[in-house]
Amino acid sequence: MQFDQILQYVLSGLSTGAIYALIGIGFSIIYNATGIINFAQGEFVMLGGLLTLSFLDLFKLPLWAAIPCAVAVSTVAGLVFERLAIRPLRQPTPINLVIITIGGSILIRGLAMLVWGKDTHSIPSFSGDIPIIIGGATILPQHLWILAITLVIIIVNKFYFYYTISGKAMRACSYNRRAASLVGIDVRRMVLFSFIISSAMGAVAGIIVAPLTMTAYDVGVMLGLKGFCAAIIGGMSSGISTVIGGLILGVLESLGAGLISSGYKDAIAFIILLLILFIRPQGLFGKADSERV
Amino acid sequence: MNIRCVSVLVMFVTVLFSSAVFAAAPIKIGALFAVTGPAAFLGEPERNSAKMVVDEINKAGGVQGRKLELISYDTTGDATKAVQLATKLIKDDKVVAIIGPSTTGETMAVIPVAEKEQVPLISCSAGSKISDPVKKWIFKTAQNDSLAVGRIYEYLQKNKQTNVSILTVSDGFGSSGREQLKAQAAKYGITIVSDDTYGPKDTDMTAQLTKIRGSHAQAIICWGTNPGPAVIAKNAKQLGIKIPLFMSHGVSSKKFIELAGDAAEGIKLPSGKVVVADLLPNSDQQKKALMAFVKDYQNHFKAEGDHFGGHAWDAVMLIKTAIEKGADTPVAIRDQLEKVKGFAGIGGSFTYSAQDHAGLGKDAFVLVEVKNKDWVIVK
């Protein structure tokens with residue numbers, strides 16, 4: 001096995017892994033604020049890509065303007081989803097909430113199918129398609145965009161959770177909701193915030209990946225599941241461990257497809273998921289009582 | 001006196017008209033298409049085309065003075081549903097023939113029903129097992145995968161590129177293609193040096209392609225439907241793979257070129273003639289039908305007619321030909337279908353016989369190449 005092949009597998013894996021990481025962080029932010037797994041997370045990834053397409057084609061916006069618009073609309077969708085589906089619930093038991101998010105994801109996907117049709121669409125790369133050669137392996141400028149944007153989002157995220165009042169409040173909710181509300185934190189508002197942040201992040205993930213993978217009304221399902229895997233590996237942390245979880249998943253998938261057999265690519269992700277859940281349910285890096293944010 | 005005359009006239013006219021109406025009870029044709037669900041890219045154009053051509057036949061006065069009535073149901077790509085709906089078409093709607101279903105799985109499930117109830121069925125799906133072995137009541141209009149594989153291998157053999165890598169999607173279409181690619185390799189002196197698959201929802205195939213790049217393959221054959229092949233085309237360009245890339249007829253629509261963009265340039269694939277209708281020489285006997293179909297579809301649906309819709313177009317036209325010869329019962333239509341010779345349709349030139357219910361030869365496919373975002377015919 002030549003070195004350049006291995007390098008190629010790792011590089012491809014890292015860029016897919018970065019996407020999984022972004023989606024995974026979206027899962028954990030909501031989980032930490034509300035205690036539920038938002039299975040509609042993948043749909044915001046889909047919305048991001050398809051809305052960008054609409055802003056490009058229908059409103060004839062340039063790419064740099066279409067992207068913020070698409071993120072904004074997806075964020076509003078996340079906000080509306082929380083307001084209409086999550087908040088009115090009388091008895092918010094985890095199982096009710098999970099089922100509601102599944103229902104919500106089916107609804108969003110169905111609406112997207114009616115709006116954008118069943119076809120796959122592509123959006124243009126941010127800065128061309130000329131491959132960059134790194135030691136025998138090649139990557140595209142879009143891969144650099146993915147890695148860079150993921151990095152920026154993680155840094156902003158860290159800053160928000162540790163250095164702003166609302167970020168700290170959200171962390172407080174994740175430690176102990178009752179105590180947080182006793183000291184005057186509006187827990188419901190924090191839940192709303194968590195949906196806003198994670199739908200925006202999902203949308204960004206969907207947009208930066210769409211030039212490479214293309215997008216359609218049903219891309220959210222698989223990407224959502226992979227992001228969920230990344231979050232589980234990272235022990236549902238909204239920090240660096242989910243990022244590492246996503247990167248590990250991406251690289252293992254890519255190495256597995258290249259070295260063992262491509263038929264097992266998805267199986268690898270789900271075997272890891274099951275192993276982690278059986279052996280280390282607190283995540284690969286977590287102590288049993290680790291902080292979650 | 002005058003009034004009497006008029007009333008007699010009116011009576012005559014009424015009798016004439018009502019008898020005409022009576023004689024022209026429409027001939028019912030059933031249709032099963034996967035209009036929604038995962039196979040909607042097949043079912044939707046098929047239903048559109050079938051409706052379009054039936055409407056047109058009726059506008060032109062029907063067949064033998066009788067209108068056609070198309071009763072179309074959506075199977076959602078579900079074999080169980082297809083069987084129920086087939087029974088409904090036969091028992092309740094009393095159709096004389098059935099067009100569809102869209103996928104091979106559904107067709108295989110419906111075959112026993114059609115055989116038992118003795119109603120001719122013209123399937124729009126490609127699987128070769130539908131007509132091999134021949135079943136008395138079952139015909140098909142979609143080209144067999146084996147013909148597409150043959151076209152590619154013939155070209156490779158001619159160009160002495162005999163070591164190939166295959167990369168197929170892990171669904172029904174891909175595995176059927178993979179089977180054919182492996183089965184026919186020896187016949188054309190082709191060696192398959194690597195055999196990889198990818199999932200229908202996969203978004204990055206650089207791993208598989210890197211592996212192929214490391215092998216000594218002289219060509220890559222990829223078998224799948226959109227969007228996978230477009231991702232593969234982009235990945236191959238990213239990796240700087242120089243060996244020729246072949247696709248299947250599963251992506252022979254403009255959509256593929258749109259999705260893959262610049263990466264589509266130079267890719268070759270076997271395709272039904274419909275995408276290159278205007279490039280065909282006038283001597284081609286299918287040209288007239290193809291041009292009519294493409295123009296009609298564009299007028300009705302503001303979209304490019306593809307070969308999937310063509311399968312349904314062919315099926316309706318074949319039934320029409322049978323009815324023109326005086327057949328209006330299931331038995332008679334079946335017998336007439338088996339006598340069809342040299343019917344130039346969209347999918348190819350059909351000649352059915354008691355031994356062949358697929359009816360097409362290798363000339364149903366042309367090898368096309370993407371050049372300047374359009375198709376050209378490879379000589």
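Is B:Thr107 buried or exposed, and how many C-beta neighbours does it have inside 10 Å? I began with this residue, keeping in mind that the model is predicted. I counted 27 C-beta neighbours inside 10 Å for B:Thr107, and since 20 or more makes a residue buried, B:Thr107 counts as buried.

**Entry on B:Thr107 and its surroundings.** I placed B:Thr107 in helix H4 of chain B, which covers residues 104–117. Setting aside the neighbours within four places in sequence, I found B:Thr107 in contact with B:Pro101, B:Ser123, B:Ser125 and B:Ile130. I also looked up B:Ser253, which is 146 residues away from B:Thr107 along the chain, and the C-alpha atoms of the two are separated by 24 Å.

**Entry on cis peptide bonds in chain B.** B:Pro101 sits in the loop that runs between strand S3 (97–99) and H4 of chain B. I recorded another cis bond from B:Asp132 to B:Pro133, where omega is near 5 degrees, and B:Pro133 belongs to the loop between strand S4 (121–123) and strand S5 (138–140) of chain B.

**Entry on the domains of chain B.** I noted the division of chain B into domain 1, made of 27–145 + 286–360, and domain 2, made of 146–271 + 365–377. Twelve residues of domain 1 of chain B are in contact with twelve residues of domain 2 of chain B, and on the domain 1 side of chain B I found one nonpolar, eight polar and three charged residues. The C-alpha centres of these two domains of chain B lie 29 Å apart.

**Entry on chain A as a whole.** I found eleven helices and two strands in chain A, in the order α-α-α-α-β-β-α-α-α-α-α-α-α along the sequence. The radius of gyration of chain A is 19 Å, close to the 19 Å given by the globule rule for 293 residues, so chain A is as compact as a globular protein of that length. The C-alpha trace of chain A spans about 60 × 50 × 35 Å along its principal axes, and buried residues account for 51% of the 293 residues in this chain. Of the contacts in chain A between residues at least 6 apart in sequence, 75% join residues at least 24 apart.

**Entry on helix H5 of chain A.** I looked up helix H5 (residues 141–163) of chain A, whose 23 residues reach 33 Å from first C-alpha to last, close to the 33 Å expected at 1.5 Å a residue. Its buried residues include A:Ile146, A:Thr150, A:Ile153, A:Asn157 and A:Phe161. I found that the buried residues of H5(A) pack against H1, strand S2 (137–139), helix H6 (165–175), helix H8 (187–213) and H10 of chain A.

**Entry on positive phi in chain A.** I noted a phi near 55 degrees for A:Lys60, a positive value in a residue other than glycine, in the loop between helix H2 (41–57) and helix H3 (63–86) of chain A. A:Lys60 counts as exposed, with 9 C-beta neighbours inside 10 Å. A:Met214 also has a positive phi, of about 65 degrees, although it is not a glycine, but A:Met214 is buried, with 24 other C-beta atoms within 10 Å.

**Entry on the contact between the chains.** I found 24 residues of chain A in contact with 29 residues of chain B. Helices H1 (3–34), H10 (240–260) and H11 (265–279) of chain A each give two or more residues to this side of chain A, and H1(A) supplies the largest share, five residues.

Notes:
Residues numbered from 1 in each chain as written. Chains lettered and ligands numbered in written order. Predicted model: local features only at pLDDT ≥ 70, side-chain atom pairs only at ≥ 80, totals over all residues. Contact = placed C-beta atoms within 7 Å. Helix = DSSP H or I, 4+ residues; strand = E, 2+ residues; numbered from the N terminus. Rg over C-alpha atoms; globule rule 2.2 N^0.38 Å. Buried ≥ 20, exposed ≤ 12 C-beta atoms within 10 Å, placed from the backbone. Domains from an automatic or database assignment. Nonpolar A, V, L, I, M, F, W, Y, C, P; charged D, E, K, R; others polar. Expected span 1.5 Å × (residues − 1).
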